[in-house]
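Trainee: Could you walk me through this one? I'd like to know what stands behind each label.

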Amino acid sequence: MKLKMKDEKVVGYVLLAIGIAMIFFSVYQMVQVFTGASPPPNLFNFSDIRLTMPGETESSLLISGEELNKLVAMVFWYMLMFFVMYAGGKIASLGVNMIREIKVEVKEPMEKPEMDVSSQKDKNQQKEPQKSKEARGVNDKNQNES
């Protein structure tokens with residue numbers, strides 16, 4: 001079933017709106033997370049990283065598990081939102097392509113090249129002797145060198 005031109009444009013506008021909404025959603029969510037207005041989803045639960053020097057009894061805290069969790073969660077959140085933004089751009093691009101009309105203008109009608117079968121045979125016959133002369137010249141050179 002073929003879509004009519006009107007239906008195709010409606011689908012194009014819907015895809016454009018969905019793509020733009022996805023882009024704005026991902027940008028809004030990234031701004032919310034990176035400004036601290038909302039926390040990123042907690043995907044991992046790391047423990048503290050401690051460093052013990054030789055000869056010391058106490059270990060020093062290098063990075064807390066809570067901070068490491070936030071860092072990893074923000075990186076994965078950024079990657080997810082970038083993917084959503086990229087997909088929204090592709091969907092919007094598809095919608096724009098469906099909306100836009102494709103016009104093809106032909107300035108001059110194309111003409112079929114006229115080919116005569118007998119003239120083509122004559123051209124092929126003329127090329128064959130040239131090839132054989134060249135081949136003979138190569139063979140003569142090889143015999144003279146021996």
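Mentor: With that, the protein reads α-β-β-α-α along the sequence. This is a predicted model, so local features need pLDDT of at least 70 and side-chain atom pairs count only at pLDDT 80 or more, while totals for chains, interfaces and linings use all residues. Residues are numbered from 1 along each chain as its sequence is written, and side-chain values use heavy atoms, with hydrogens and water left out.

Trainee: How many helices and strands does the protein have?

Mentor: There are 3 helices and 2 strands.

Trainee: Why is Gln29 called buried?

Mentor: Buried means under 20% relative accessible area, exposed means over 50%, and partly exposed is in between, with a 1.4 Å probe and protein chains only. Gln29 has a relative accessible area of 19%, so Gln29 is buried. Gln29 sits in helix H1. Leaving out residues up to four places away in sequence, Gln29 touches Trp77 and Met81, where contact means heavy atoms within 4.5 Å.

Trainee: What makes Pro40 buried?

Mentor: Pro40 also comes with a value, a relative accessible area of 19%, and therefore counts as buried. Pro40 belongs to the loop between H1 and strand E1 (49-51). Beyond residues up to four places away in sequence, Pro40 touches Val33, Ala73, Met74 and Trp77.

Trainee: What about Gly89, buried or partly exposed?

Mentor: Partly exposed, because the relative accessible area of Gly89 is 27%. Gly89 is in helix H2. Gly89 and Met22 are 67 residues apart in sequence, yet their C-alpha atoms are 8.1 Å apart in space.

Trainee: Going up to the whole protein, what share of the residues is buried?

Mentor: Buried residues are 14% of the 146 residues. The accessible surface comes to about 12800 Å², and 60% of that belongs to carbon and sulfur atoms. That area is from the Shrake-Rupley method with a 1.4 Å probe; for residues, only the protein chains shown count as cover.

Trainee: How do you know that contacts join residues at least 24 apart?

Mentor: Take the contacts between residues at least 6 apart in sequence: 71% of them join residues at least 24 apart. Leu15 touches Ile91, Ala92, Leu94, Gly95 and Met98, with residues up to four places away in sequence not counted. Leu15 and Val96 are 81 residues apart in sequence, and 8.1 Å apart in space from C-alpha to C-alpha.

Trainee: Which residues form the aromatic cluster?

Mentor: Phe34, Tyr78 and Phe82 form one cluster. The whole structure has 2 aromatic pairs. Rings of Phe, Tyr and Trp (its six-membered ring) pair if their centres lie within 6.5 Å.

Trainee: What residues line the largest pocket?

Mentor: Among them are Val33, Phe34, Pro40, Glu66, Lys70, Ala73 and Met74. H2 gives the largest share of the lining, 5 residues, while H1 and helix H2 (65-99) each supply at least two. The lining divides into 6 nonpolar, 4 polar and 2 charged residues. Here Ala, Val, Leu, Ile, Met, Phe, Trp, Tyr, Cys and Pro count as nonpolar, Asp, Glu, Lys and Arg as charged, and the others, Gly among them, as polar.

Trainee: And what makes something a pocket?

Mentor: On a 1 Å grid over the protein atoms alone, a pocket is an open set of points where a 1.4 Å probe fits, with protein on both sides within 12 Å along at least five of seven lines; lining residues have an atom within 4 Å of a point.

How values were computed:
Helix = DSSP H or I, 4+ residues; strand = E, 2+ residues; numbered from the N terminus. Phe/Tyr/Trp six-rings, centres within 6.5 Å; stacked < 30°, edge-to-face > 60°.
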